[in-house]
Amino acid sequence: MKHVPILLLLSFLVACKPSRPGNILSEKKMENVLVDYHLAQGIAEAQSGNRELNTYQNVQAVFRKHRITEAQFDSSLVFYSIHAEKLSEIYKHVSARVE
């Protein structure tokens, strides 16, 4: 019975470790999507015609390319925004690749 408090404490510490839910894109996948996402937005700005429509179409093409939904992207962006240190690391890689 002496070990019960220690086991409870260890269980609590392991349970508190932030983990990525299954519906959230991995850090590498998020990086890849964000690179294409930002390039798609840049291309849309350079295209003639309706910029909003061009942006929408280009971003949808990114989602199709990576076989994800807009909801998955949005949920992942919210998750990584809450875990700012992870998002910062992702954007370091995105920035280096886009440059």
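Glutamate 89 and lysine 92 sit three residues apart in helix H5, which means that about one helical turn separates them. Their side chains meet in a salt bridge, with an N to O distance of 3.7 Å. This description rests on a predicted model. The two partners differ in their surroundings. Glutamate 89 is partly exposed, because its relative accessibility is 35%. Lysine 92 has a relative accessible area of 52% and is therefore exposed, the cut-off being over 50%.

In total, the structure contains four salt bridges. Some of them are joined: Lys28, Glu31 and Arg97 form a network of salt bridges. Glutamate 31 takes part in a salt bridge with lysine 28. In this pair, the closest N and O atoms are 3.4 Å apart. Both residues belong to helix H2, which covers residues 27–46. They are three residues apart there, about one turn of the helix.

Glutamate 31 also forms a salt bridge with arginine 97, at 3.0 Å from N to O. This contact reaches from helix H2, where glutamate 31 lies, to helix H5 (residues 84–98), where arginine 97 lies, so the pair ties together parts that are 66 residues apart in sequence. Accessibility was then considered for these two partners. Glutamate 31 has a relative accessibility of 5% and therefore counts as buried, since the limit is under 20%. Arginine 97, with a relative accessible area of 42%, is partly exposed. The salt bridge between glutamate 31 and arginine 97 thus has a buried glutamate and a partly exposed arginine.

Aromatic contacts were examined next. A pair of aromatic rings is described by the distance of the centres and the angle of the planes. The structure holds three aromatic pairs. For phenylalanine 79 and tyrosine 80, the ring centres lie 5.1 Å apart and the planes meet at 80°, so the pair is edge-to-face. An angle over 60 degrees is what places a pair in that class. Phenylalanine 79 and tyrosine 80 are both buried. Elsewhere, Tyr37, Phe63 and Phe73 are linked by ring pairs into a cluster.

Methods
Residues numbered from 1 in each chain as written. Predicted model: local features only at pLDDT ≥ 70, side-chain atom pairs only at ≥ 80, totals over all residues. Heavy atoms only, no water. Helix = DSSP H or I, 4+ residues; strand = E, 2+ residues; numbered from the N terminus. Buried < 20%, exposed > 50% of the residue type's maximum accessible area, 1.4 Å probe, protein only. Phe/Tyr/Trp six-rings, centres within 6.5 Å; stacked < 30°, edge-to-face > 60°.
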